[in-house]
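Subject: Structure handover

Hello,

Here is the structure I promised to pass on. Please open it first, then read the notes below.

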Amino acid sequence: MTPAEVKKAVSRITYKPGWKFYAGVLPEKGYAVCLVILTAPLLDAYGSEQTIEVNQQQVYPFAFVKQWDHDMLLHVMADLIRRVEEHEMLEWFMFDGERVNAPHKKAIMALEGDQ
């Protein structure tokens, strides 16, 4: 797919209300890369009643993207959605009020000096 085809196809993707999808080509280290981004409003799993906006992005070498067809692009975008949904599930899944597998646990422990 060309950069224009990727961008056009990604603009046609929908998922949940408020979820947005972007694609573009960025120069990086002397070659083009395709950047696909998902932005979604989600309820904060850490106590705030506010909705937060999260981003999930992936960079692919354009030499790889040129070989994609629409099915491959849709697979890539579905994988971005899956990663956000899985991350949120891990944040919300609790047993006796404790997160079973908090995705930010290592980062929080490092900030608190426990690691």
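A salt bridge here is a side-chain nitrogen of Lys or Arg within 4 Å of a carboxyl oxygen of Asp or Glu. Before the findings, two points on the source. This is a predicted model, so local features need pLDDT of at least 70 and side-chain atom pairs count only at pLDDT 80 or more, while totals for chains, interfaces and linings use all residues. Residues are numbered from 1 along each chain as its sequence is written, and side-chain values use heavy atoms, with hydrogens and water left out.

Salt bridges

By the rule above, there are three salt bridges. One joins Glu85 and Lys16, at 2.7 Å from N to O. Glu85 sits in helix α3 and Lys16 in the loop between α1 and β1 (20-28), so this pair ties together parts 69 residues apart in sequence. Helices (H or I, at least four residues) and strands (E, at least two) are DSSP runs, numbered from the N terminus. Glu85 is partly exposed at 24% relative accessibility. Lys16 is partly exposed too, at 38%. The classes are buried under 20% relative accessible area, exposed over 50%, and partly exposed in between (1.4 Å probe, protein chains only).

Asp79 pairs with Arg82, their closest N and O atoms being 2.7 Å apart. The two are three residues apart in helix α3, about one helical turn. Arg82 also meets Glu86, at 2.8 Å from N to O. Glu86 and Arg82 are four residues apart in α3. Together, Asp79, Arg82 and Glu86 form a network of salt bridges.

Helix packing

How do α1 and α3 pack? Helix α1 (residues 3-11) and helix α3 (residues 70-92) meet at about 55°, with axes 11 Å apart. Axes are lines fitted to C-alpha atoms, for helices over the stretch in contact, and angles run from 0 to 180 degrees between N-to-C directions. Val6, Ala9 and Val10 in α1 meet His70, Leu73 and Met77 in α3, where contact means heavy atoms within 4.5 Å. The residues of this contact divide into five nonpolar, one polar and no charged (Ala, Val, Leu, Ile, Met, Phe, Trp, Tyr, Cys and Pro count as nonpolar, Asp, Glu, Lys and Arg as charged, and the others, Gly among them, as polar).

A loop residue

Finally, look at Asp96, in the loop between β4 (94-95) and β5 (98-99). Its phi is near 55°, a positive value in a residue other than glycine. Asp96 is exposed, at 70% relative accessible area.

Best wishes
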